[in-house]
Structures are given as structure tokens and as C-alpha cells.
Amino acid sequence: MINTRKGSVWKRKTKEMEKDPYHLVSSDTKENNNKKRKKKISQSRSKAKQYALVTYQELPEYMKDNEYILNYYRANWPLKEALFSIFRWHNETLNVWTHLIGFVLFLGLTVTNLMHVPQVADFINIFTWSFPMSGDQNVSHNSKDFFSGTTKLIDLKQTTPQEMEISSPEMAAARWPFFVFLGGSMFCLFSSSTCHLFSCHSHHLNLFLLRIDYVGIAVMIITSFFPPIYYIFQCDTLWQFIYLGGITVMGIFTIATLLSPSLSTGKYRPFRALLFVAMGLFGIVPAIHAVIVNWTEPQRNVTLAYEAVMALSYLTGTMFYVSRIPERWKAGWFDLAGHSHQIFHVFVILGALAHYGAALVFLEFRDNVGCERSS
Ligand SMILES: [Zn+2]
């Protein structure tokens, strides 16, 4: 073996001497250049091979989660490659985009609604309207009329500026529970997108991001309770405190459980789903209570319809998430589009939008009906 190798080195050297008889280029430099070239070729080859999509069988153990998705996996990609894979087709592309679009949608709704908050509208007003009319004492009323007169996502009580001056501070319901829900939804959707985009990077990051994804779902469920409970029980602060406190404690327990590393594995998928469903079912108690309290309110049916759509969306989504339908019926057919997780994502957005609709009705109701009238 050694002799043969020595022989081949000798042969190569003689060939080089024939090509370069005056030794203008030293044989060492040539050899180094050759080595460098070969290294470069092998590096670029391995790079191309490394960032190619792989099959389920080729995946590292920590990424083997859904045996019915057979192809188009990214595995152990650097963060930069993972980031730019948002524009490539792989089996996570639609998982990333569905919730990214949802995030942008909720960001838009948040910004639009913030424009209707008098303080924010006044703040924007400083930069837009106050220059020509800085001396105008009624500038804040002008801005309020301007913003509430355009796209009315929150239909503020229709009053004259004089009426508003007297009744507005007491009558207008607090906006923060509504924005708590919007913030929670945005956190959930964004963390989900991030998780799907970067979880192919390393085992460590995969575990961390999965946990953040579950925490995002828990946060969305908890924050969803804030608008309905706050506005329905606005005049009964004890129940408001009991229900909001209850769901917050339950949520903190769920988040602590989800953050424990041993529960992030695929084995505990049904347990995690059960935790989320339990949190959702917790809502039945205040919902029945609310129906009794607001039995005579005309908005009751509208909000119930919205919340029924929300519950149905979340339940249907969870069913897809747990059952892995349709890919379990035809493994490999839904690798890129149409697998259970993508369907689950779409139902999460539908559920959140339905709940947003209900939250708007609750807010409008509280803007119009204060505690003096309802109790
Ligand atoms: Zn997801």
C-alpha cells in the first residue's frame, strides 16, 4: 500500500517536471494549489449536498416527528440558510407563511384600532394636524371625529363633541383587554412562524423553539379570555377577578409544564393538546354565567355566534393536529401542501378572527352600556 502511494507521488512529480522543467513554480506551491482547489470543490459539493432537502429516513432522530411526511425536509441548516428558506419550497414553507400572514393581519388590526384610541390618535395628531392649527383648543376633538369618521372598526358611541366632553371618560370602555388579546395573538402567530422556520437548525434550538411555540398557543388562549370576561363582567368586579385570575393561574401552570424539556417530545403530543383543550373548556363556565347575566342583551346572540365559530375552529384544528389527517391516509402525498399541521394553522387564524369579531361587539356594547344602566 505504502509503496504504491510513494510510487504514485514519484510519478506525479516526474510529470510535473516534464511540464515545468526549469522549476519556475515550486512543486510545493503547485501541490498546495491543487490541494486548495480540491478542498474548494469538495466544500462546494458538500455545501450543495448539505443544503439539499432530505427524506424522513435521513433526518436526525430529534426531527423525526411525522412519519407520514416522507420528503422535502431541511436538516441541520445554518441560521442564514434557514432564514432564506422562507422563499424555498420545503415541507415547512406553508407552515411558516400561514402564520406569518396571520401575524401581519393581526398587526394591521392592532394598528388600525390603535388609531381609534383617543390618546394615540392625539399623539399621531401632533405630527399630522397640529402644524397648521396648533393654536386650536379643540384639536383633540377634531382628531377623534376624523378617526372615528373613517373606517370604523370600533364604532364609538355616536355623540356630539359636547356630549363626549361630559360622558366620554366614564362611558368609553377600557381598551387594554382588547389589546391584550391582539398582543397575545400576534405573539402566538409570530412565535409559531419562527419555530417552523428555524427548528431545522439544531437539536438545541429545535427543543427551545418548540417550547416557545406551545407557550405562544397558551398565551393566545389566556389572552383570548380577557375581552369577553372583562367587558361582560365589567359591573361585577368580583367575578371579573375570579375568572381572569383563574385563567391566568391556569395559563401560568400550563406554560410552566410546557417549558419542561421532557414534555416537548412527540410522545406527549396528546397531553399537550389536552392541556390546551382544558384551558379552552375552562371558558364554558364564564360563558354560561355570561349568557345568564346578559340574557336580555341584544348582542348576546351575535357574540355567541362568533364564539361558537371560534370554538368550532379551534376544535377542528386540534382534531387535525392530533389525528394527522390527511397525510396518515396517503403518506408522502401531502408533504408540501395540505398536511394536517397546515390545516391546523388555518383553523387557528379563523378561530382568532372569529374571536376578534366577538371582542369588537363586546367593546361596542360596553361603550354604549355603562354599569349604571345594566345593573
Ligand atoms: Zn405550527
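1. Helices (H or I, at least four residues) and strands (E, at least two) are DSSP runs, numbered from the N terminus. By that rule the chain has 16 helices and zero strands.

2. This is a predicted model, in which local features need pLDDT of at least 70 and side-chain atom pairs count only at pLDDT 80 or more, while totals for chains, interfaces and linings use all residues. Residues are numbered from 1 along each chain as its sequence is written.

3. Of the chain's 375 residues, 31% count as buried (20 or more other C-beta atoms within 10 Å of the residue's own, with C-beta atoms placed from the backbone; 12 or fewer is exposed, in between partly exposed). Among contacts in the chain with a separation of 6 or more, 69% join residues 24 or more positions apart (a contact has C-beta atoms, placed from the backbone, within 7 Å).

4. The largest nonpolar core holds 56 residues (a nonpolar core is a set of buried Ala, Val, Leu, Ile, Met, Phe, Trp, Tyr and Cys residues joined through C-beta atoms within 7 Å). Elements giving two or more residues to this core include H4, H8, H14 (300-323) and H15 (340-368). H15 supplies the largest share, 15 residues. Ala218, Ile229, Tyr231, Ala358, Ala359, Phe362 and Leu363 have the most contacts inside the core.

5. Helix H4 (residues 93-114) packs with helix H8 (residues 176-198) at about 155 degrees, the axes being 8 Å apart (axes are lines fitted to C-alpha atoms, for helices over the stretch in contact, and angles run from 0 to 180 degrees between N-to-C directions). H4 is therefore roughly antiparallel to H8 (over 145 degrees; under 35 is roughly parallel, 65 to 115 roughly perpendicular, the rest oblique). Their crossing is left-handed (the near helix is turned anticlockwise from the far one by less than a right angle; clockwise is right-handed).

6. In the contact of H4 with H8 there are 12 nonpolar, eight polar and no charged residues (Ala, Val, Leu, Ile, Met, Phe, Trp, Tyr, Cys and Pro count as nonpolar, Asp, Glu, Lys and Arg as charged, the others, Gly among them, as polar). Among the H4 residues that meet H8 are Phe103 and Phe106; H8 residues include Phe179 and Leu182.

7. Asparagine 113 also lies in H4. This asparagine 113 counts as buried because it has 20 C-beta neighbours inside 10 Å.

8. The contact of H14 with H15 has 16 nonpolar, 10 polar and one charged residues.

How values were computed
Contact = placed C-beta atoms within 7 Å.
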